[in-house]
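Please go through the contacts, charge pairs and backbone of the model shown here, question by question.

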Amino acid sequence: QVQLVESGGGLVQPGGSLTLSCAASGRFFNIRDMAWYRQAPGKQRELVATATSGGSTNYADSVKGRFTISRDNTKYSVYLQMNSLKPEDTAVYYCKADLATAYWQSYRDYWGQGTQVTVSS
């Protein structure tokens, strides 16, 4: 059973920083892309940042220059360093991994349970 477990959310003041972590556990063959999404109340889930297994990254325009995604492939983990946080960054943040549980299995998306980030004074 594959699980993605996020941590690191919380309450922070505007301009502050937080680092989110997500680790994959269980039995699987390989992980390709990993990503962070977020969903604010009353809004659709949106892509925040992606990181390929080869190290390429992409960001939503709204977080470019403030957020940094990174991976540790030896720990099957992805991180999101968030700086200069704004109230509009308030959301539940989810990690996603594109992985296969065996070499003969197709790749599919697995999601974490989400972690709340609240930016408020």
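Q: Which residues does Tyr93 touch, not counting residues up to four places away in sequence?
A: This is a predicted model, in which local features need pLDDT of at least 70, side-chain atom pairs count only at pLDDT 80 or more, and totals for chains, interfaces and linings use all residues. Residues are numbered from 1 along each chain as its sequence is written, and side-chain values use heavy atoms, with hydrogens and water left out. Contact means heavy atoms within 4.5 Å. With residues up to four places away in sequence not counted, Tyr93 touches Glu6, Leu20, Trp36, Tyr37, Arg38, Val48, Phe67, Leu80, Met82, Gly114, Thr115 and Val117.

Q: Which residues of the largest nonpolar core touch the most other members?
A: A nonpolar core is a set of buried Ala, Val, Leu, Ile, Met, Phe, Trp, Tyr and Cys residues joined through side-chain atoms within 4.5 Å. Buried means under 20% relative accessible area, exposed over 50%, and partly exposed in between (1.4 Å probe, protein chains only). The largest core has 31 residues, and those that touch the most other members are Trp36, Val48, Phe67, Leu80, Met82 and Tyr93.

Q: Which strand gives the most to this core?
A: Strands (E, at least two residues) are DSSP runs, as are helices (H or I, at least four), and they are numbered from the N terminus. At least two core residues come from each of β3 (18–25), β4, β5 (46–51), β7, β8, β9 and β11. With five residues, the strand that gives the most is β9.

Q: How far apart are the closest N and O atoms of the salt bridge between Asp89 and Arg38?
A: A salt bridge is a side-chain nitrogen of Lys or Arg within 4 Å of a carboxyl oxygen of Asp or Glu. Asp89 is buried at 1% relative accessible area, and Arg38 is buried at 6%. The closest N and O atoms of Asp89 and Arg38 are 2.9 Å apart.

Q: Why does the pair of Asp89 and Arg38 tie together parts of the chain that are apart in sequence?
A: Asp89 and Arg38 are joined by a salt bridge. Because Asp89 lies in the loop between β8 (77–82) and β9 (91–100) and Arg38 in strand β4 (residues 30–39), the pair ties together parts separated in sequence by 51 residues.

Q: Which residue has a side chain that makes a polar contact of 3.4 Å with the side chain of Arg38?
A: A polar contact is a pair of N or O atoms within 3.5 Å; within protein, one must be able to donate a hydrogen and the other to accept it, and residues adjacent in sequence count only if both atoms are side-chain atoms. The side chain of Arg38 has such a contact with Asp89 at 2.9 Å. At 3.4 Å, the side-chain partner of Arg38 is Ser62.

Q: How far is the backbone nitrogen of Gly9 from a polar atom of the side chain of Thr115?
A: Thr115 lies in strand β11 (residues 115–119) and counts as buried at 11% relative accessibility. The residues that Thr115 touches include Gly8, Gly9 and Tyr93. From the backbone nitrogen of Gly9 to a polar atom of the Thr115 side chain is 3.3 Å.

Q: What is the phi of Tyr76?
A: Most residues other than glycine have a negative phi. Tyr76 is in the loop between β7 and β8 and is partly exposed at 42% relative accessibility. The phi of Tyr76 is positive, near 50°.
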